[in-house]
Number of protein chains: 2
Amino acid sequence: MVNEDKHNPVSLQNIRLNDGFWSRRAEIIAREVIPYQWDALNDNIPGAEPSHAIENFQIAAGEVTGKFHGMVFQDSDVAKWIEAASYSLTTYPNTKIEAQIDWVVELMGRAQQPDGYLNTYFTVAKPDERWTDFSFGHELYCAGHLIEAAVAYYNSTGKKKFLRIMCRYADYIDGAIGAQDGKMQVYCGHEEIEMALMRLFQATGEERYLRLSHYFVDERGKQPCFLKNEPTFGHTFKTKWFDLAYHQAHAPVRAQTMAEGHSVRAMYLYCAMADLAKETNDESLSAALEKLWDNTTQRRMYITGGLGSQGHGERFTIDYDLPNDRAYAETCATIGLIFWAQRMLLLSPDHHYGDVMERALYNGALSGISMDGKKYFYVNPLEVIPEVVESRYDHEHIQVKRQEWFGCACCPPNIARLIASLGQYIYSQTSSTIYTHLYISSEGKFQMNGQPVVIQQQTDYPWKGEVTFSLKIVDCQHITIALRIPGWCQKQQIRVNGHILADVRIDKGYAMITRQWMDGDQISLTLDMPIEFIYAHPKVREVAGKVAIERGPLVYCLEEVDNGCNLGGITLSSEGKLEAEFCEDLWGGVVVIKGEARRSDDDEWGTKLYSSTKFPSKAMTMQAVPYYLWGNRQPGGEMTVWIRNA
Amino acid sequence: MVNEDKHNPVSLQNIRLNDGFWSRRAEIIAREVIPYQWDALNDNIPGAEPSHAIENFQIAAGEVTGKFHGMVFQDSDVAKWIEAASYSLTTYPNTKIEAQIDWVVELMGRAQQPDGYLNTYFTVAKPDERWTDFSFGHELYCAGHLIEAAVAYYNSTGKKKFLRIMCRYADYIDGAIGAQDGKMQVYCGHEEIEMALMRLFQATGEERYLRLSHYFVDERGKQPCFLKNEPTFGHTFKTKWFDLAYHQAHAPVRAQTMAEGHSVRAMYLYCAMADLAKETNDESLSAALEKLWDNTTQRRMYITGGLGSQGHGERFTIDYDLPNDRAYAETCATIGLIFWAQRMLLLSPDHHYGDVMERALYNGALSGISMDGKKYFYVNPLEVIPEVVESRYDHEHIQVKRQEWFGCACCPPNIARLIASLGQYIYSQTSSTIYTHLYISSEGKFQMNGQPVVIQQQTDYPWKGEVTFSLKIVDCQHITIALRIPGWCQKQQIRVNGHILADVRIDKGYAMITRQWMDGDQISLTLDMPIEFIYAHPKVREVAGKVAIERGPLVYCLEEVDNGCNLGGITLSSEGKLEAEFCEDLWGGVVVIKGEARRSDDDEWGTKLYSSTKFPSKAMTMQAVPYYLWGNRQPGGEMTVWIRNA
């Protein structure tokens, strides 16, 4: 259903990764994470707290007796698992996992109520309370994740059973909720259904799913707001941080100009808005999105792509309020930012969107999963001092070590589905242009002017800035290959078949190479990847006087295991020389950054707490590692991204 | 009852302030604060939340019907008011206030139960629950404040009625609690009674009060601890921050080495320990106190003398954890530190104790009351950004403006009693030495070798470092006049009758001037008072790379009203010239500090959140004012003590 006039993503089925950096991660997801998560959902992990997620469906189907257990949104864990597994199957076929999905889809079919309703919490635990708690009941949220899973499984396998179940549920919802008389005028306290219905529309072509998504987005934030009348509104805390803005319901979405409230909720809303803006050419939505994008990425985003400065409410606070040690920066929010950035690229290809997508992917999202794929950070602070985390109430939400699984298990399956579907973020296309957003070794298949085009991308990214593209073409093709020139890159070179392109046109940060391409043509892109000192806007008070280190798309950090403790006592000079060094010993090879620095000499200082004598310092060699890597070698040590600068 | 072999404080009755800095404050306390607080206790402030504190006594006496209202420790508000008023009466006699005290003392007599018990909360609201909630019931704490008030009123007026009421209550407590069989082995969750009983012992000479205080101190922290068995233990929060350490009950007091738990509670305990150590020559207590002192003042004290780094539990956290913006630094805790420092001086005259007493007095305590004496800070942060305070959950305990009165009204009467009794902190004496700890214009009367000695101290402190002492002596006296040379002073000069003392003996920071003094002798002390840049220990991560400005005993701060907003964007060079300027326009004269600084040029920077270009800066003239003054001119603006240093 590719619309030739539009800018479209490339289906995951048409991309095959063979990347030094990402393929091993995708393989860990396929071979370890997805089977492990299946066991977790089935309460088969010895010693781990049981999930009860599958059992809840069995109870709802009347096949097992017992009580509902888990969070009200426990169903979504199963949904996200199916979605991740479905993506993974496209690259790593696995009949056992496919059979497990088929089994659980059958179970869901039996758990679906006669009227099409499908939610184990309300069916089992609160049968009389359907549609009474939009603030925190997560009914439509769970429906959304199930729909996304159904679409993913259908795209991956062509099997329609799950899609039919979810269409039936969506039709039921469409009959119950909407603008028309006799329906409820409501929307979900946690956005998700909006984005999911867009996928269902794309998969089925049924316009009523598009209309329902549109309704949810348009209805949100109308005042007075029905959420305020619910007894659950304000959560159990009833503090001002669980207000309408927490749900992005403080104003109609087109009047919203700042990223407010729960950060995952906000990202999912913005994704749906972008889907709708693109599908319906709604310029009022696009205009709102541009403002929200600028506010999010220019005032409320950590350098890692992390979002949400406060644990209480897992939410945005105010412009430039970005404390490193008390960041929430939930893995799921950064994943949501990646989703949103991809959609913004489809609305308007501009390297700013691609830059943020890359930043979020290689830093704040990837930090959420350990190198072995088995442990997860829910929260991704930019500074950790373990003894402070243990001893301060305002650090209660911080974990100094990645966890195996969570009572609220949103992040592990979310990062699994991101990595398993990473192929679809690399390219997008119009009828005449193939846009390259990410540099990942892969083979991509495109249809251009009715003929197949294959691009083989080869790179050692993110360690090296060289990328080559080899084209396989039937006859020839007059098309544009657009390459994102990252904002971090000050100097780049492009060769076609060995010849330097002297004056390539750059459009919004994309090098646009238009020519008559022949089979076997090769593009070489070289991105200068020096070590950079990065400064934050002067209003970001938490990092005033500090620098971060970046190289290419990677944000670096200092860890105690390399630099000793009291990382706050380390100072980097702007003139100090830093060197990048490929360190093979670290997980098959990681570029670390070494350089001269100074650190406070605590012994020389003595016991005085305050003194008119400036503190003595001594030379040291500091070593920085990519932020995503932190906490893998010696979990429980200090870490900091921002370093004092003198 | 002056013990000639011991180092004793000087009775408030023998000191008369006539100081440019302090007398106006003492006068505001006498003329405005004490009458205002009386009206507040009697619910006569239009528009203010009623206190009910006096009414509770009327109900307990059976003279008014109604319910108890207020905190469980509401009685202590009345006690602290009487104590403050009593001190104030010694300088500012006031028959109306004296009559009000007499009236309320009579009322207390009628509210006292037949067995001697006196507590309105348990008498009125929980008559069957006496002595069941030592964790948070505050029964002994209230008793302690009433005892302190009774002793103060007796010392001030010689009237014994209140003292007798409290002796009766203390005797009742002594009969109910103690080591002996048949008594309860308990102590109060909030220390206070221990210190109060020492005062009662000093006022009455009754050794049983000394023994009971000793019992409470010795019993505290024995394991297993009875507090843990109380249902109220852990407060309503039940978090780990309301543990045994919160009550300083985690270990026997002599085994405690670090300042732990609720900071006011800790200070009151240490005061009692010091009183006992002095009275009983208990060296094991002295040794513990020295360790606790070092830990408190060298690892856990804000530069303002503020204590308590966390709002949740109003407590100490860990060494060097001193966030400026989320400080608790309760006014009462700093006042407690002044109490403790004075007692440490009596144990062992060392300028470190006097320096901390001075630091706490002129900074973290004085900031608690507005220049007009009518508004109070409960919490004294070292950095305030109002929009952050309003928008972050971890700043909930911070107020950006001083408040008129509090539901929990501990700080206003506490600062009132401190200022009203300030005279007693200036001097102390042994049989042969008069120690001068604070430089405040005043007349002090001493008995040395059976003869009166009068010292007239004259100074423009804290603005100027010159102090003169004129002695009035009958015949002559061979004694030592000891003058504290503050730790902040690098250069001082002492003249006697105009002649420079070349090699005066300095003993633990005190200049010991021993000679045959004659009537009319004059000592001139000149303390060099340059502007100093102060650095913190490198482990205080929150101020790494920052400086504070001090001049003499005063810590300075930047305020938005002088320097514009975004104070975090201001940088002081260590080489930058600063000048002190006496500014008459500010409350009759304040020394402000002006100098060249640089500030980030936000306009030049543009909208980028992160950039590899270092931020541009521009020259500015900064102005710093004494910290105690902040929030008086334009309440609700930014403030910071620590400034970036380049």
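Predicted model: local features only at pLDDT ≥ 70, side-chain atom pairs only at ≥ 80, totals over all residues.
Residues are numbered from 1 along each chain as its sequence is written, and chains are lettered from A in the order in which they are written. Local features need pLDDT of at least 70 and side-chain atom pairs count only at pLDDT 80 or more, while totals for chains, interfaces and linings use all residues, and side-chain values use heavy atoms, with hydrogens and water left out.

**View 1**

**View 2. The interface of chain B and chain A.** Here 65 residues of chain B are in contact with 65 residues of chain A (contact means heavy atoms within 4.5 Å). The chains bury about 5200 Å² between them, 57% of it on carbon and sulfur atoms; buried area is the accessible area (1.4 Å probe) lost on putting two parts together, summed over both. B:Tyr393, B:Leu609 and B:Tyr610 supply 15% of what chain B buries against chain A, more than any other three residues. Since 100% of the interface residues of chain B are also interface residues in chain A, the copies meet through the same surface.

**View 3. Salt bridges between the chains.** The interface has four salt bridges (a side-chain nitrogen of Lys or Arg within 4 Å of a carboxyl oxygen of Asp or Glu). One pairs A:Arg326 with B:Asp394, with the closest N and O atoms 2.8 Å apart.

**View 4. Domain 1 against domain 2 in chain A.** The domain bounds come from an automatic or database assignment, which puts domain 1 at 56–219 and domain 2 at 238–418. Their C-alpha centres lie 23 Å apart, and 31 residues of domain 1 touch 30 residues of domain 2. Together the two domains bury about 2300 Å², 64% of it on carbon and sulfur atoms. A:Glu191, A:Met195 and A:Val217 supply 27% of the area that domain 1 buries against domain 2, more than any other three residues. Three salt bridges are counted between these domains.

**View 5. Helix H11 of chain B and its neighbours.** H11 (283–299) has 17 residues and reaches 24 Å from first to last C-alpha, close to the expected 24 Å (1.5 Å times one less than the number of residues). Helices are DSSP runs of H or I, at least four residues, and strands are runs of E, at least two, numbered from the N terminus. Its buried residues include B:Leu285, B:Leu289, B:Leu292 and B:Trp293 (buried is under 20% relative accessible area, exposed over 50%, partly exposed in between, with a 1.4 Å probe and protein chains only). The buried residues of H11 pack against helices H9, H10, H12 and H13 of chain B.

View 6. In chain B, B:Glu358 pairs with B:Arg484, the closest N and O atoms being 2.5 Å apart. B:Glu358 sits in helix H13 and B:Arg484 in strand E9, so the pair ties together parts 126 residues apart in sequence. Both residues are buried. In chain A, A:Asp562 pairs with A:Arg633 at 2.7 Å between the closest N and O atoms. A:Asp562 counts as partly exposed at 24% relative accessibility, and A:Arg633 counts as partly exposed at 25%.
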